[in-house]
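I opened my notebook to look up salt bridges in a new model. Here are my entries, in the order I made them.

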Amino acid sequence: MANTNLRFNRDDIKDELQKKGVVTREITPSPHFLTILESVGYKTSEAFCELPDNGIDAEATKIITYFGKENKKPYVVIGDNGFGMEPDTLFGALCLGASSLELGDKEKHSNGYLGKYGTGLKGALAALQGVAIILTKTKDGELFKTIYHKDSVQEYYDSINPETGKARNAWGINLYIATDKEDLELFETYTDGSKHGTVIKIYNIKRYTDTQYYKNRMIDVFSRTYQRYINNGIEFIVNGTVLNPVDLCGYEVPFTLNGESHSSKQMGTDVIWDNLIYTDKDGVKHKDGYLRYRAFLLPQQDVVEESAWIEEFDWNMTNQGIVVYRSNRMIQSNNWLGLTGTNPRLNRFRVELDFNGELDDLLKVDFKKTTIDPTGEILGLISGRFKRDKNDASVIFDNASGKNNKVSQSLNKLAKRFGTWAKNNASLLPKIPKIPSNIITNKKQRTTTHTVTGKPMKQVGDRLRFIFD
């Protein structure tokens with residue numbers, strides 16, 4: 001029985017093969033591919049991070065995000081005051097895997113640009129499973145609008161081409177000149193009155209329901225992921241909150257705990273390779289690839305207690321790893337890249353690895369730009385220095401942990417604070433009752449020895465003992 005599929009007709013293909021010896025057919029992906037991206041693409045926080053990337057590439061100085069609900073369903077708006085897009089560039093940006101052929105003069109350059117693979121915007125929109133309104137305007141251009149959703153792509157795909165009388169079987173989308181008051185106000189609000197920029201509103205989101213959680217989550221994620229851009233003057237605003245940069249290594253940006261500012265200390269000096277060989281997209285070899293390694297020691301336990309550290313920053317064994325920056329955007333932070341395993345002695349040890357997009361192939365960056373899997377060549381460059389720094393960090397951690405009978409600075413502070421409090425509140429403290437005179441005891445005074453050192457431990461009183469090690 002002949003295949004009656006409207007797109008590929010078996011009988012027609014066979015007849016053409018018999019006559020010409022060769023058959024050519026267009027194999028544009030089915031819109032069903034967007035459904036696949038919903039489940040195998042980005043995590044929710046990763047999807048949100050793809051949207052500021054485009055604004056930064058467009059030289060925006062302000063990125064405004066708002067998480068809300070309308071008709072009981074989540075929506076998010078993210079706008080920037082970058083240079084915006086012309087119609088041809090907007091169409092190109094909505095092509096999966098957009099290349100220079102689609103993007104024209106806004107081609108994604110590997111070095112210094114956050115975007116590269118041409119999948120970020122579409123993958124993020126698919127992951128959030130919503131309907132996207134995109135508004136964009138260049139400095140002297142008109143405000144353009146398009147609505148992007150898998151249903152609209154499918155509708156064009158199934159529509160009849162008037163020239164052939166058959167289904168188009170191709171991806172397509174409509175573009176308009178925005179004139180509605182609602183669109184104009186949306187653009188004005190989320191570009192902060194700029195004459196140029198891009199605003200994306202994603203509504204009817206199915207990926208999540210807890211808007212408050214993701215608002216708080218993305219304040220944290222944006223602050224870490226884009227800390228260098230924030231530190232260099234790009235303003236990030238989430239639901240009216242202006243974000244402060246958070247440096248996981250605590251070096252470029254000190255962190256505050258209990259009202260005190262702390263900074264990490266660099267171990268040694270920067271190690272830079274600026275002559276690495278790589279091949280660009282045109283197949284041309286270059287010998288100026290840039291990679292930087294540097295290691296840091298966060299404040300030790302005698303300065304910041306472990307419990308306070310974990311509670312405030314969640315810096316523990318689970319979150320140990322090399323902090324990786326691609327073109328100054330953090331893409332990974334909790335993986336030692338196979339150079340070592342997790343160890344509590346490394347909780348105060350941090351390593352930074354910096355590179356530009358030109359080394360994507362050597363670092364094996366995934367298409368979402370969220371993880372790396374470096375080649376043996378790259379790991380070989382850093383492994384020796386990493387091993388020495390790791391061993392030094394472990395020794396320093398042990399020395400600051402209270403070994404050699406040292407009392408940590410934090411415990412000293414606590415003892416002083418308690419002593420002052422007890423002195424000022426002595427009248428409120430319960431008294432240790434005396435042994436009644438009618439009770440006779442021949443019990444010998446109990447002694448206790450330390451299980452490790454074997455030395456006697458000091459005791460005070462029959463009913464209350466203070467033990468010092």
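I began with Glu 252, which is partly exposed at 29% relative accessibility (buried means under 20% relative accessible area, exposed over 50%, partly exposed in between, with a 1.4 Å probe and protein chains only). This is a predicted model, where local features need pLDDT of at least 70, side-chain atom pairs count only at pLDDT 80 or more, and totals for chains, interfaces and linings use all residues. Residues are numbered from 1 along each chain as its sequence is written, and side-chain values use heavy atoms, with hydrogens and water left out.

**Entry: the partner of Glu 252.** I found Arg 294 in a salt bridge with Glu 252, at 2.6 Å from N to O (a side-chain nitrogen of Lys or Arg within 4 Å of a carboxyl oxygen of Asp or Glu). Arg 294 is buried, with a relative accessible area of 6%.

**Entry: a second partner.** Arg 294 also forms a salt bridge with Glu 352, and their closest N and O atoms are 2.9 Å apart. I noted that Arg 294 lies in strand β12 and Glu 352 in strand β15 (residues 349–355), so this pair ties together parts 58 residues apart in sequence (strands are DSSP runs of E, at least two residues, numbered from the N terminus). Glu 352 is buried, as is Arg 294. Salt bridges with shared partners join Arg 228, Glu 252, Asp 270, Arg 292, Arg 294, Glu 352 and Asp 354 into one network.

**Entry: the whole structure.** My search found 19 salt bridges. I also looked up Lys 201 with Glu 70, whose closest N and O atoms are 3.2 Å apart. Lys 201 is buried at 11% relative accessibility. Glu 70 is partly exposed at 30%.

Technical notes:
Helix = DSSP H or I, 4+ residues; strand = E, 2+ residues; numbered from the N terminus.
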